Amino acid sequence: MRVHDTLTGSLVDLPPPPGPIGMYVCGPTVYQRAHIGNARPFVVFSWLARWLRATGYEVTFVHNVTDVNDKIYDAAPGRSAELARTATRWYLEDTGDLGLGVPDAMPLATESIPEIVALIGELVEAGFAYPVEGDVYYRVSRFPDYGRLSGQRPDRVEEQEPNPLKEDPRDFALWKSTKEGEDTSWDSPWGRGRPGWHIECSAMAERALGREFWIHGGGLDLVFPHHENEIAQSQAVGRPFARIWMHNGMLELGGDEMHKSLGNDVTLRHVLDVWGREATLVFFLTGHWHGPLDFSDEAMAAASARADSFREVFRQPHEPAPSDAWGRFSTALDDDFSTPAALAVMHDWRDHDLLLRALELFGLGSLAQEEAAPPEIVDLAERRRAARESRDFGEADRLRSELEAAGWEARDEPGGYRLVRVR
């Protein structure tokens, strides 16, 4: 299998199975409900872990939660710890409802403070970091490869965290002294404070996967400065760190007119409530993982229709697929994990066993099961049937609209109708 590597800008081969493959993926900063874009790395790398395991690899999938960060302190002065706990629970609940299971480890920054302090201490001792009145900064000038991941020229890097006491405007914080009103802090050799964002992931990745591992993932927006800084921190003190850097493309949300069904609420929770888990997962399948993906009503309606087309296959007679069918599916995923190409192959299948096998890989095995309509939906459908029989077509249309708004369709058939979940 080969995947696109941001560092080299090329496709890079993974070792043959069983690997093993360690995979660290940057998770959310927990200060609000996760939006639909936050779900993309969780979904993409959950699928990648599943595919690697299905093809014989031993995989350790680590997905952190950043529960110490400036954004949390700014969002909830004096109660940042409470907000972080609440937002972490939201994230676990919402991603759990996607039905893809949980990563092998989900470390929290708050649980990794000893490792973070120890790593900062190594950087200070090696001359790659320096303390200033309770803060500790990384010396960017000491790391000659700085900018290699992002393509930034070291002499043109803009100041990341203004502080007149820094030696160099480019230097970034490893440790921040406690400020007035901050409710969460820890002891360190440099005084009471908290870690900077970038050092958290360097320490958590090493704690979970060791000093070198195969894949580091995350959104494209993390290439600079977050991942650039992770490399500088870890490699400066002898950690080879990640061999491959995989960055998923961003979701392009457009304006309000692009998601009228959701209003201004594009949280993962609301998208799941309005469109359903299956349509949401099919939507993510339609875009190549390292390209942009447009999110809109039209895109979600198309994904919902695709999900229903798979359901329809299981309502029709089984037709054995050609002998090379799974091979074509495998080729699509082994070649830079192209889910759109795999999706195109799946749409040709009428083989129930093969299709179910593929759908289960993406958490969509439920599409093979006809969902029983709840009593209130059956009641609407019966009232619609009665209205049609009495030729009250206006009432029948109104009831049909109610069914559709609830995510169901009554499909008329000889002798009656069949209720089908459409989202």
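1. Strand β3 (residues 21–25) runs parallel to β9, and 3 bridges hold the pairing. Two strands count as paired here if DSSP finds at least two bridges between them. Strands (E, at least two residues) and helices (H or I, at least four) are DSSP runs, numbered from the N terminus.

2. A word on the model before going further. It is a predicted one, with local features requiring pLDDT of at least 70 and side-chain atom pairs pLDDT 80 or more, while totals for chains, interfaces and linings use all residues. Residue numbers start from 1 along each chain as its sequence is written, and side-chain values rest on heavy atoms, with hydrogens and water left out.

3. Now the overall picture. The protein has 14 helices and 14 strands, and its C-alpha atoms fill a box of roughly 85 × 50 × 35 Å along the principal axes. Of its 423 residues, 52% are buried, where buried means under 20% relative accessible area, exposed over 50% and partly exposed in between, with a 1.4 Å probe and protein chains only. Among contacts (heavy atoms within 4.5 Å) with a separation of 6 or more, 74% link residues 24 or more positions apart.

4. Back to the sheet. Its 4 strands follow the order β4-β3-β9-β10, the sheet is open and the pairing is parallel. At the edges are β4 (59–63) and β10 (241–248), each of which pairs on one side only. On average, neighbouring strands are turned by 20° against each other, direction ignored; axes are lines fitted to C-alpha atoms, for helices over the stretch in contact, and angles run from 0 to 180 degrees between N-to-C directions.

5. Strand β9 (residues 212–219) is joined to β10 by 7 bridges, and the two run parallel. In this pairing G218 stands opposite H247, and G219 is opposite N248. Helix α6 (residues 223–236) packs on the sheet, where it touches β9 and β10, and its direction makes about 175° with that of β10. Strand β9 is mostly covered, with 7 of its 8 residues buried.

6. Helix α8 (residues 277–285) deserves a look too, as 8 of its 9 residues are buried. These are E278, A279, T280, L281, V282, F283, F284 and L285. They pack against α1, β11 (251–252), α7 (268–275), β12 (293–294), α9 (297–315) and α11 (339–347).

7. Points are joined across faces, edges and corners, and a volume is the space filled by probe spheres set on them.

8. The largest pocket has a volume of about 850 Å³. It is lined by 41 residues, of which T29, K71, W197, D221 and L222 are the closest to its centre. Elements giving two or more residues to this lining are α2 (70–75), α3 (80–96), β7 (172–177), β8 (193–195), α5 (197–209) and α6. The largest share, 3 residues, comes from α6. By type, the lining divides into 18 nonpolar, 16 polar and 7 charged residues, with Ala, Val, Leu, Ile, Met, Phe, Trp, Tyr, Cys and Pro counted as nonpolar, Asp, Glu, Lys and Arg as charged, and the others, Gly among them, as polar.

9. The second largest pocket, at about 200 Å³, has 15 lining residues, and E278, R311, S366, E371 and R421 are the closest to its centre. Helices α8 and α9 are the elements that give two or more residues. This lining holds 4 nonpolar, 4 polar and 7 charged residues.

10. Helix α1 (residues 39–54) supplies the largest share of the lining, 3 residues. The lining divides into 5 nonpolar, 2 polar and 1 charged.

Technical notes:
On a 1 Å grid over the protein atoms alone, a cavity is a set of points where a 1.4 Å probe fits but cannot get out, and a pocket is an open set with protein on both sides within 12 Å along at least five of seven lines; lining residues have an atom within 4 Å of a point.
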